[in-house]
Amino acid sequence: MRIPLIRPYITDEVRAKVLDVLDSGYLTEGPVVRELEEAFRAYIGCRHALAVTSCTTGLELALRCLGIGAGDEVVVPDYTYPATAAVVAIVGAKAVIVDCSRDTMLIDYDAAEAAITPRTRAMIPVSLFGNPLDYDRLDAIKARHGMAIVEDAACSIGADYRGRKVGTQADITVFSLHPRKFITTGEGGMVTTDRDDWSEWMESYKHFGMGKATERESIVFERIGTNYKLSNLQAAVGVVQMRHVDELLERRRDLAARYEQRLASVPGVTLPRTTEHGRHSYQSFCIFVPERDRLLANLRGSGIEVQIGSYALHRHPAFVPGPQVGISGPLDGSVYAFEHCLALPLFHELTGEQQERVVAALEAQLSAVPR
C-alpha cells in the first residue's frame, strides 16, 4: 500500500456538516463562516479572525490595510513559498529577499535587519512548516525601526512561542487552510489581528469595499474592494475540524516525536532545530539529507510519497532583481535548505507500522550515500 504525504481529516461528522450546508441552500459566506471565524478567534486568543479565500489573498489584504504600495519595501525570506514575496509585488511594493537560518529554515534575523532601509515599511517572516518565530528578536527589530510585522503563518495553526499562540504576536498574521494543513477548508485562509480599525478595513475590502449595513438596500461602498470571501460550504469542513483541533495537534506532535526518536541515530539525517521557547505544530515533518533528489525519487518509487520542503525564490525567473524585487546579502542558508530538505509523510491516521516503513526505506537509501 502506498503511503501518502498527507491525508485530510475527513470524517462522517465533516460530511454531515457539509450536507447540512448543501441542504440549507445557503452556500456563500454566512453563518457557518462566522462560526469558523469565532472558533478560530477563541482558539488563537486574538480579537479578530477574518476568513478569506487563501493565505495569499490574506497577505495581500494585510499589506493593503497597512497602506503599503509603490515606493515601499518589504523584507521577506528567500526560502518560502512564492506567495510570500509575490504579494508584495502585487500591491506595487518591492520585496527585498534575505537569507534564512540554516538550522531552523526561518528568516535570518540579522540579515533581515541589515536589509532595512528608510523605505522599509514591513517584514513578512514565515513560521515555516509550523516552527514558530522568535518574537523576542522580531519585537526588538520592530522597536528599533518602526516597521510592521505581517506573519506568514500558512503552516502554523497551533504553534506557540513563550506560551502565546502564533496569531497573537504579529501586527497581522495570516494562516492557510489548504489541504496540507491539518485544519482545512479545501482552499482558504484566516487573518488575525488585535486592531479593531484594521479588522474593520479588511472586512470591508474583502466585501467589495462595503461599509457596515444591516439591509442590502442601505449598503454604502466606502472604498474600492474585491471579493475575498470564504463560502459556508468550504467553512463547514473547517468548523468540524476546529472542534477537534487539540486532538489533531497532539496527534501530529506525537507522530513527530516518534520520527525524531527513530531518526536521531540514523547516519545522514539531520533534524532542523525548533525555535527556542517555541512549540512546533508540524504542518510538515522535515529532515535534512544528502542527495535529497535521489532519495526523493527512490522513496516515491518504493511507494512512499515524500516532497521537497519549499523553494529558494532567487533561483526562479519571477524573482530576478528588478523594480519589484531586490536581494540583500548571501543566500547560503536558503540554498542549503532547498537542496537538503525532505518532507516525510505526516497525517492523522499515519500508523506506527507505516512510520517504521518510512524510516527503514530512508535508512536503506542513506546507506548507499558515500561517507
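Helices α10 and α12 are oblique to each other, because their angle of about 135 degrees is not under 35 (roughly parallel), over 145 (roughly antiparallel) or 65 to 115 (roughly perpendicular), and the rest count as oblique. This is a predicted model, where local features need pLDDT of at least 70, side-chain atom pairs count only at pLDDT 80 or more, and totals for chains, interfaces and linings use all residues. Residues are numbered from 1 along each chain as its sequence is written, and side-chain values use heavy atoms, leaving out hydrogens and water.

Select residues 292-301 for α10 and 352-366 for α12; their axes sit 10 Å apart. Helices here are DSSP runs of H or I, at least four residues, and strands are runs of E, at least two, numbered from the N terminus. Axes are lines fitted to C-alpha atoms, for helices over the stretch in contact, and angles run from 0 to 180 degrees between N-to-C directions.

Now show side chains: Arg294, Leu295, Asn298 and Leu299 of α10 meet Ala361, Leu362, Gln365 and Leu366 of α12 (contact means heavy atoms within 4.5 Å).

Next, colour the open sheet of eight strands, ordered β1-β10-β9-β6-β5-β2-β4-β15 with mixed pairing (strands pair if DSSP finds at least two bridges between them). Its edge strands are β1 (48-52) and β15 (325-327), each pairing on one side only.

Zoom in on β6 (148-152) and β9 (172-176), which pair in the parallel sense over three bridges. Which residue is the bridge partner of Asp152 in β9? Click on Val174.

Last stop: select 135-145, helix α6, which packs on the sheet and touches β5 (120-123) and β6.
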